[in-house]
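Q: Could you walk me through how to read this structure, one feature at a time?
A: Gladly; let us look at it together.

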Amino acid sequence: MPHLKIEYTDNIEAQADMGTLCRGLAQVLGSLKDEQGLPLFPLGGTRVLAYPAPHHAVADGGDHAFVYLNLRIAIGRSDAMKTIAGDALLERAKAHFSSLFSERTLGITLQIDEGVQVYDGKHSNLHTLFSK
Amino acid sequence: MPHLKIEYTDNIEAQADMGTLCRGLAQVLGSLKDEQGLPLFPLGGTRVLAYPAPHHAVADGGDHAFVYLNLRIAIGRSDAMKTIAGDALLERAKAHFSSLFSERTLGITLQIDEGVQVYDGKHSNLHTLFSK
Amino acid sequence: MPHLKIEYTDNIEAQADMGTLCRGLAQVLGSLKDEQGLPLFPLGGTRVLAYPAPHHAVADGGDHAFVYLNLRIAIGRSDAMKTIAGDALLERAKAHFSSLFSERTLGITLQIDEGVQVYDGKHSNLHTLFSK
């Protein structure tokens, strides 16, 4: 972790440029520092996945758009750090969609889930690659 | 919120009519009232997204179908209200799939997750549109 | 339940053989026994769904792959049993991807979520079919 999953209505697929947003949000996650100035999250554990939903209904079911960002993190960061991380990701998402937001109905929600799991297993050649 | 996500095996894509189900479930969410007769959930915050899974195995891995509905809500409703909401959504889903259910193996599960997140940020022009 | 959801970067779609992995993991879930030698999970409630993500960024955003497996279970198993279940699923996933793992950057993470939901409703003709 951190794992960031983006779920969105596919009626903005053509304008959303989701690949760029995924890379931008991974950069934000990698750039955050904790109270000691160390990386808040491990770069080698950073994953961002985005899924357009082919079927959806938003609010009254009209032609509205929605982007949901869910960040899943391990237990251990301070509340202040969680707020900083959430705000930084939401700001990047808002900036990414600012022009689309001015043109159409659109909701963006970002939530963080912390320490939900009761088992956590890994097998990776990515962590060592980025812990040099 | 409320956020309702539907995940289902893609072997029922042709018969599932998921767009209709999404709109119907959004209507159910919008029609629910709390103990004071006020809307149980904000219409401007209602989102329903449905995702067919291209790969799946159900039970013994035979040609079975599965529809999973997960409703994510904020903390604050009574247990009775959560039951009413869950039952109403499940009833609508059962009615929607009644003919398919009589024809093939199919499992429908609806669960509600409440107040899991530790950060909740929003940017939307939908809430104001529907709070008039 | 158990519900196992697999989310993965679509840059391994051609080599991942996800249908085989789904069936293999469903078999693992169905073969696990509890302390009394009884099935740890109900076969009729076993579901495995896998979703390739069309947009993604892993670690530094390079051409890396990621497979996330999330198992959702009901409350009630011992910690030892949860570890056995998690280890067995992760071992199967590692074996499935062993050749791919030796060829490219790849991260595999398996997590178990237990008893998150506050409402749990079902409508199924699968449980009876497999409880004979």
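**Reading the features**

A: Let us begin with two helices: B:Leu21, B:Gly24, B:Leu25 and B:Val28 in H2(B) meet B:Ala88, B:Leu89, B:Arg92, B:Ala93 and B:His96 in H3(B). Two residues are in contact if their C-beta atoms, placed from the backbone, lie within 7 Å. Helices (H or I, at least four residues) and strands (E, at least two) are DSSP runs, numbered from the N terminus. This is a predicted model, where local features need pLDDT of at least 70, side-chain atom pairs count only at pLDDT 80 or more, and totals for chains, interfaces and linings use all residues. Residues are numbered from 1 along each chain as its sequence is written, and chains are lettered from A and ligands numbered from 1 in the order in which they are written.

Q: At what angle do the axes of H2(B) and H3(B) cross?
A: Axes are lines fitted to C-alpha atoms, for helices over the stretch in contact, and angles run from 0 to 180 degrees between N-to-C directions. Here the axes of H2(B) and H3(B), residues 79-96, come within 10 Å and cross at roughly 150 degrees. That makes H2(B) roughly antiparallel to H3(B) (over 145 degrees).

Q: Which residues does chain B use to touch chain A, and how many?
A: The contact takes 27 residues from chain B and 32 residues from chain A. On the chain B side, helix H2 (18-31), strand S2 (47-53) and strand S6 (117-124) each give two or more residues. S6(B) gives the most, with eight residues.

Q: How do strands pair across the two chains?
A: Two strands pair if DSSP finds at least two bridges between them. In this model, seven bridges join strand S5 (residues 106-114) of chain A to S6(B), and the two run antiparallel. A:Asp113 stands opposite B:Gln117 in S6(B).

Q: What rotation superposes chain A on chain C?
A: Two copies of a chain are related by a rotation about an axis and a shift along it. Copies are superposed by least squares on the C-alpha atoms of residues with pLDDT of at least 70 in both. For chain A on chain C, the rotation is 120 degrees with 0.0 Å of shift along its axis (RMSD 0.0 Å). That is the relation of a three-fold axis. Of the residues of chain A, A:Val116 comes closest to the rotation axis, at 4.6 Å (C-alpha).

Note on methods
Parallel < 35°, antiparallel > 145°, perpendicular 65-115°, else oblique.
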